[in-house]
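Keep the viewer open as you read, and turn the model whenever a new residue comes up.

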Amino acid sequence: MKKVIAITLAVLMFCVNAAVVAVADTADIVKQSVEGTAVIDGTKDEAYADALTLEIKQKGMFNGDGSLLDEPEGVVYIINDAEFVYMYVDVLDDNLDNANTNNYAKDSVEVFWMVDNEKAQIRYHYDGTVDEDSGVNVESATVLTDTGYAVETKIPITDVYDNKLEICVQINCCENGSRLYTCFIDGNAEGDDAWQRSNRESVYDCWWTLELAGEFEDTYTKEFSIKPTDNLYPVADDDYYGLMSIPLAVSASSQSRVDWTSVSFGDSYVMYLGDTIEVSWTDTKLLANWTDTSTNNFSVTPKLMLNFADNGILAEGIAEGSEVGTAGYVGYYSFSYGDVTFTSEGYEDVVIPGDSIENFKLTSRQEDGWVSGGTYDHDFASDIRDTLGLNIEQLCDYIYNLTSISTTVTFDGYNNIPAETVAAMQADAEAKDAELVTMVAEKKAAIEAAAAIIADEAAELADKEAALADAVAAADEAVTAAGNYPLAAEAAAELPAMVEELTATVTELQEAAAAEPEVTEPVEEEEPEADATEPVAEEETEADVTEPVAEEETDESSSGSSTTVIIIVVVVVVIAIIAVVAVLGKKKKA
């Protein structure tokens, strides 16, 4: 009789817990911490004597069936002082396994909390290795025990609101190279999505609340704000055309939670700010076949999702060759979807109510050989399972026979700027675009004027170089000012090519001018060649032997000598004549 009563009470307790899981927000689970400071050495010392004690015996909703274990998988003891929260996690596991290559599929403890409104996530393995997924391991210690292993760690007290922190503690239970299930404190089965919570505004509100011992000032505000550290995609808040070029891609897919194989149900729909579109995927039957192998013998629920993505633009912030862990651009997306209708052959249609997602932070990160992030995934698998009362094997069959998914999607805002606000910028943006088209035309005229100078054969090279500089400046100013304004950008698109052509022309002229002295100055060209081949050099060589110059000088000397001789002869003759005349005169007198 006692056994029957015990079983009945257990069933009632299960129903109560299931109801709590179904209707309560996980953040409503509040646990009171106890004041204390611990030495981090892997030993549960006296500091934890009066600690907050929580059994971890709730299976995850997806990596598990959401039920309570017969015995706890572990116990976490929590205390805090003015700076840190201390946790001692005693894991009860007699079959430790780390054969899987994926870190999350090895026996380990994961802790989640917020730092500057960003998810901090650390994974502590039973062998002492630590994965700093998105948090800093301040101090921790891991030891093997007779019943498994123990992890002791401390996390900084950050993002306090109303003397509370939001955190999550998870145990990964693995065997034979596969993660069998994840495990959480009572009522926290949704913790399976703890890793997807990017900030406290995230729709994945699946952590629980730790009320701190002592008094703390708020370091977190519930008001939405873009942090100075966010590497936002480069578009200004008042850039209408830039904002209107931000895409939101919508797709549908299914995924195994065991090996993370993903199956797409068709092409993505791409939309832009303010758009409302109808999306529908058909021909989806027989695409996703989740077997016992891909579901851990139908113990792990596969995903059935709508995916909302940045369409790859955020990954542009990751330079080629970046190290693993390098983050890309950041964008905050607001969007909504209407009722989603799922149709599967052999089953009743399921209609899931629509929802709105505000300022969901998307970013991307360089992983080992691939880029993660940039997507918000909304999983409908558990909704369908609960609506139709299916077990996991039946749900897999439902997904396998799925014939269509349809809904409407609206891109409501970007970086906390509503689509209506952006739409109000349109008139001013179009007027500015027209103004810039006029400016671009003026810059084009300036480039054409520079082209005329460069084409003028009578113009000096220096004037052509100055004209080219003016043309380059005009093109740069036009292209920069045109920016995302479509008409102006289209008009400015031809200017760089015009400048490139002018640059080539001036470059040719400069090269010709540089080569001109070598072609036109004979002295510089003939002198080096004179030693070998020029006739002048040959005459100079002969001059060394025959001295033609000397011959010319001798001829001139001889000519002068002959003239002198002739003069002397003439003088002698004249004197002789005079003498003869004188003699004859004397004879006559005689």
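In soluble globular proteins, nonpolar side chains tend to be buried together. Please keep in mind that you are looking at a predicted model.

Now centre the view on Phe265. Leaving out residues up to four places away in sequence, Phe265 touches a set of residues that includes Trp281, Leu287, Leu304, Ile399, Leu402 and Ile405.

Among contacts in the chain with a separation of 6 or more, 69% are between residues 24 or more positions apart. The accessible surface comes to about 30500 Å², with 52% of it belonging to carbon and sulfur atoms.

Which strand is largely enclosed by the rest of the structure? Strand S19, residues 327-337, is, because 10 of its 11 residues are buried. S19 pairs with strand S22 (residues 355-366) in the antiparallel sense over 8 bridges, and Tyr332 stands opposite Lys361 of S22. S19 also runs antiparallel to strand S25 (residues 402-414), to which 5 bridges join it. There, Ser334 has Gly413 in S25 as its bridge partner.

Next, look at helix H3, which spans residues 381-388. Its buried residues are Ala381, Ser382, Ile384 and Arg385. These cover an arc of only 160° around the axis, so they sit on the same side of H3. Their packing partners are strands S18 (303-309), S20 (340-344), S21 (350-352) and S24 (375-379), together with helix H4 (392-400). On the face turned away from the buried side you will find the exposed residues Asp386 and Thr387. Just after H3 comes Gly389, with a positive phi of about 65°.

Two single residues are worth a visit as well. Tyr149 belongs to strand S10, residues 148-156, and because its relative accessibility is 0%, Tyr149 counts as buried. Beyond residues up to four places away in sequence, its contacts include Val89, Val91, Leu96, Val109, Tyr126 and Leu144. A polar atom of the Tyr149 side chain lies 3.2 Å from the backbone nitrogen of Ser108. Tyr149 and Asp127 are 22 residues apart in sequence, with their C-alpha atoms 8.8 Å apart in space.

The other residue is Ser256, found in the loop between strand S14 (247-255) and strand S15 (262-264). Setting aside neighbours within four places in sequence, Ser256 is in contact with Thr261, Trp290 and Ser294.

Notes
Residues numbered from 1 in each chain as written. Predicted model: local features only at pLDDT ≥ 70, side-chain atom pairs only at ≥ 80, totals over all residues. Heavy atoms only, no water. Buried < 20%, exposed > 50% of the residue type's maximum accessible area, 1.4 Å probe, protein only. Helix = DSSP H or I, 4+ residues; strand = E, 2+ residues; numbered from the N terminus. Arc of directions from axis to C-beta. Contact = heavy atoms within 4.5 Å. Polar contact = N/O pair within 3.5 Å; in protein donor to acceptor, adjacent residues only side chain to side chain. Areas by Shrake-Rupley, 256 points an atom, 1.4 Å probe, with all protein chains shown as cover. Pairing = 2+ DSSP bridges.
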